[in-house]
Amino acid sequence: MPLTQNEIRSLLSDIENEHVERTTSTDNTKKMSEAICSFANGIRNTNRPGYFIIGAQDDGKLDGQRFSDEQLRAYAGLRNSGTILPPPAMMVYKESFDDGEVAIIEVQPSEDTPCATKA
């Protein structure tokens with residue numbers, strides 16, 4: 001189930017940690033793939049999902065971006081692109097705020113680890 005706006009704001013106001021990463025880069029698929037693998041590998045075996053938030057600065061402020069359906073499909077396509085093996089359980093969605101949108105890649109811990117990116 002997607003995060004609520006309040007839950008997203010809470011993640012944005014907190015520091016980055018092993019379950020949350022933020023970026024303003026909309027096309028750094030290498031960084032996205034590496035984060036997806038880390039989340040899928042269940043860092044520290046917490047059984048909690050990881051959230052890669054696109055459209056937010058390191059301090060949690062939104063940078064005013066807007067995301068198209070095409071961009072969201074491209075992020076979701078990372079799962080089946082063949083560069084992340086085994087494919088992780090993940091979902092991609094966006095949320096709109098007054099100061100911009102964020103795209104969120106939510107990754108569930110995988111039972112089939114290790115998840116890795118192909119070079």
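Which residue forms a salt bridge with Glu101? Arg66 does, with the closest N and O atoms 4.0 Å apart. The views below come from a predicted model, in which local features need pLDDT of at least 70, side-chain atom pairs count only at pLDDT 80 or more, and totals for chains, interfaces and linings use all residues. Residues are numbered from 1 along each chain as its sequence is written, and side-chain values use heavy atoms, leaving out hydrogens and water.

**View 1. Glu101 and Arg66 form a salt bridge (a side-chain nitrogen of Lys or Arg within 4 Å of a carboxyl oxygen of Asp or Glu).** Glu101 lies in strand E5 and Arg66 in the loop between strand E2 (50–54) and helix H3 (69–77), so the pair ties together parts 35 residues apart in sequence. Helices (H or I, at least four residues) and strands (E, at least two) are DSSP runs, numbered from the N terminus. Salt bridges with shared partners join Arg66, Lys94 and Glu101 into one network.

**View 2. Asp99 and Arg9 meet in a salt bridge through their side chains (2.9 Å, N to O).** Asp99 is in the loop between strand E4 (90–97) and E5, and Arg9 is in helix H1 (residues 5–13), 90 residues apart.

View 3. Glu106 is buried and has no salt bridge; buried means under 20% relative accessible area, exposed over 50%, partly exposed in between (1.4 Å probe, protein chains only). The nearest side chain of opposite charge, Arg48, is 11 Å away; Lys and Arg count as positive and Asp and Glu as negative, with His and the chain ends not counted.
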